[in-house]
Amino acid sequence: MVHSCGQEIPAWVYVGSLLFFISLNSFTVSGAPLKQELLDNGATVLNHSMSLVHRMESLLAMGNGSDVTLRVQTIDTDEVKVIQAHSLVLTLQSDVFEELLVNRNNSAVILTETALCAAVFDKFIRYLYCGDISVRLDQAIFLHTLATKYHVWGLQQGLTHYMTQHLSSDSPTGHVVSWYNYALKIGDTTLRDSCLLYLSWNLSSVLQSKEWGSISEDLLLSLLQRSDLILQSELELFEALEVWVNLNQPVSATVETALRAVRYGMIPPYHLFRLQKQSLLLIKYYESIRDLLYLAFQFHSASPIQLAKYFDVNCSIFTPRNYLSSSWGSPWVINSPTRDDRSFSFQTQLGPSGHDSSKRVTWNALFSPRWLPLSARSSYSELGAMQPTRTEAGHPRIIVTPATSSPDFAGVSFQKTVIVMAKQQGKVVVRHVYNFHQSTEEAGDFLMDADLQRRSSDYLIDSSLYLHIVIKPLYHTLLVARK
């Protein structure tokens with residue numbers, strides 16, 4: 001530090017002065033809890049750190065020993081917030097503040113902030129003194145903005161973590177879309193990807209929320225391209241798109257691009273007929289998607305093998321997303337999942353084509369809380385012995401197989417998707433998604449990190465495991481269109 005006369009003041013003098021003011025001019029915290037920790041060498045640590053936090057908070061509140069005034073001006077207003085602060089604290093926490101203080105001409109530092117950032121500036125400065133902060137959903141972006149601007153990296157990382165953990169929290173108008181847009185703007189890939197995954201995996205609830213109308217054109221088109229969307233049906237997505245268009249009135253090019261991203265082959269033909277006559281959006285842009293509708297009707301009228309003689313059946317219009325309706329799979333609630341093996345049977349349609357939708361496939365699902373390979377399970381069964389209760393390194397497994405084989409399976413492979421639900425901030429949301437194919441009967445990484453023995457596990461709802469199994473028929477990659 002440099003005195004106004006130009007003489008350098010030793011650092012120990014400044015630190016000592018600050019601590020002197022803390023001890024003399026702060027409230028005494030009597031009866032503060034004393035934390036004791038016994039070390040391996042027999043020594044005991046006496047910890048009064050909370051008392052120091054209270055003293056630092058009092059130092060900021062009373063401004064004793066302050067050597068710098070922060071004048072926080074709100075953009076486009078005459079409002080100015082004045083904070084009496086201490087150079088040592090600011091420079092220890094932020095290299096940006098350190099540079100500002102070195103280059104200042106007097107004891108005041110003028111800072112310019114938006115109204116929303118200025119409103120939380122007191123909280124931000126208090127964090128520099130105390131190391132903790134209370135955050136509401138509507139404050140997260142603005143505190144994150146300040147932490148980024150002033151290079152307070154610990155707070156920035158903490159806020160990013162807070163936001164990724166509170167995507168499912170209730171707010172009046174929603175917050176995930178605004179957090180996604182903010183993350184995209186500042187280049188925070190962790191937050192951006194977390195928001196996008198949440199929107200994709202919980203799309204049905206998003207479509208019904210006020211937040212759906214606030215989605216940007218770029219985010220809308222990005223979501224429409226994804227095959228991992230979890231929703232009731234493709235029809236639900238089309239109807240939500242119509243709502244979004246009516247609310248936002250985008251240019252025709254955007255509407256056409258969005259409409260061409262709908263997977264019309266996944267919508268039953270009777271719904272397509274209805275939409276052609278009743279959907280004002282489809283009527284208006286019919287010529288832009290006529291070829292896709294024609295292809296969808298052809299898909300529904302012939303077998304996939306016949307269609308593949310003339311068309312490429314591997315394009316997105318014939319690729320299912322993760323649909324929750326009963327034609328595509330079934331929910332499965334497993335009570336006390338660590339107790340023993342469970343089995344479950346359900347039926348799905350053979351495929352989304354109108355030619356196959358009336359044909360049913362029965363599926364058998366087996367859940368085991370133990371690590372027990374299929375070969376070992378077979379040998380135990382043959383010997384009539386009881387299976388081991390659990391191995392030390394074991395983790396849950398799930399197997400989904402068709403009950404019978406059929407000639408109708410020719411040209412079709414099946415992707416199995418197991419959706420794990422959880423309760424976060426009182427709301428049931430998707431916790432994880434596992435995908436595996438016909439060639440692999442089980443998902444090897446299924447619930448690898450889940451501790452199902454713990455009643456409060458993040459993967460359990462009221463001590464039960466909530467799953468939803470989706471079967472997605474995919475037309476064989478060898479079936480390509482003939483030229």
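## Pocket, core and ring pairs

The lining of the largest pocket comprises seven nonpolar, eleven polar and three charged residues. In this grouping, Ala, Val, Leu, Ile, Met, Phe, Trp, Tyr, Cys and Pro are nonpolar, Asp, Glu, Lys and Arg are charged, and the others, Gly among them, are polar. The model is predicted, so local features need pLDDT of at least 70 and side-chain atom pairs count only at pLDDT 80 or more, whereas totals for chains, interfaces and linings use all residues. Residues are numbered from 1 along each chain as its sequence is written, and side-chain values use heavy atoms, with hydrogens and water left out.

The largest pocket holds about 480 Å³ of space. Among the 21 residues lining this pocket, Thr164, Gln165, Gln424, Val430 and Arg431 are the closest to its centre. A pocket here is an open set of points on a 1 Å grid over the protein atoms alone, where a 1.4 Å probe fits and protein lies on both sides within 12 Å along at least five of seven lines; its lining residues have an atom within 4 Å of a point. The points are joined across faces, edges and corners, and the volume is the space filled by probe spheres set on them. At least two lining residues come from each of helix H8 (153-165), helix H10 (189-201), strand E12 (412-424) and strand E13 (427-437).

The protein chain contains 19 helices and 14 strands, which are DSSP runs numbered from the N terminus (helices H or I, at least four residues; strands E, at least two). Of its 483 residues, 43% are buried, where buried means under 20% relative accessible area, exposed over 50%, and partly exposed in between (1.4 Å probe, protein chains only).

| Residue | Relative accessible area | Class |
|---|---|---|
| Phe121 | 0% | buried |
| Phe124 | 0% | buried |
| Trp332 | 7% | buried |
| Gln415 | 12% | buried |
| Phe311 | 28% | partly exposed |

The largest nonpolar core has 127 residues, and those touching the most other members are Leu70, Phe121, Phe124, Ile125 and Tyr264. Such a core is a set of buried Ala, Val, Leu, Ile, Met, Phe, Trp, Tyr and Cys residues joined through side-chain atoms within 4.5 Å. With residues up to four places away in sequence not counted, Tyr264 touches residues including Phe238, Leu259, Ile289, His300 and Ile317; contact means heavy atoms within 4.5 Å.

There are twelve aromatic pairs in the structure. The ring centres of Phe121 and Phe124 are 5.7 Å apart and the planes meet at 65 degrees, so this pair is edge-to-face. Rings of Phe, Tyr and Trp (its six-membered ring) pair if their centres lie within 6.5 Å, with planes under 30 degrees apart counted as stacked, over 60 as edge-to-face and the rest as tilted. Both Phe121 and Phe124 belong to helix H6 (residues 121-130), three residues apart, which is about one turn of the helix. Trp332 and Phe344, by contrast, form a stacked pair, at 5.2 Å centre to centre and 20 degrees between the planes. This pair links distant parts of the chain, since Trp332 lies in strand E8 (residues 329-335) and Phe344 in strand E9 (residues 342-349), twelve residues apart.

Gln415 lies in strand E12, and its C-alpha atom is 7.0 Å from that of Asn435, 20 residues apart in sequence.
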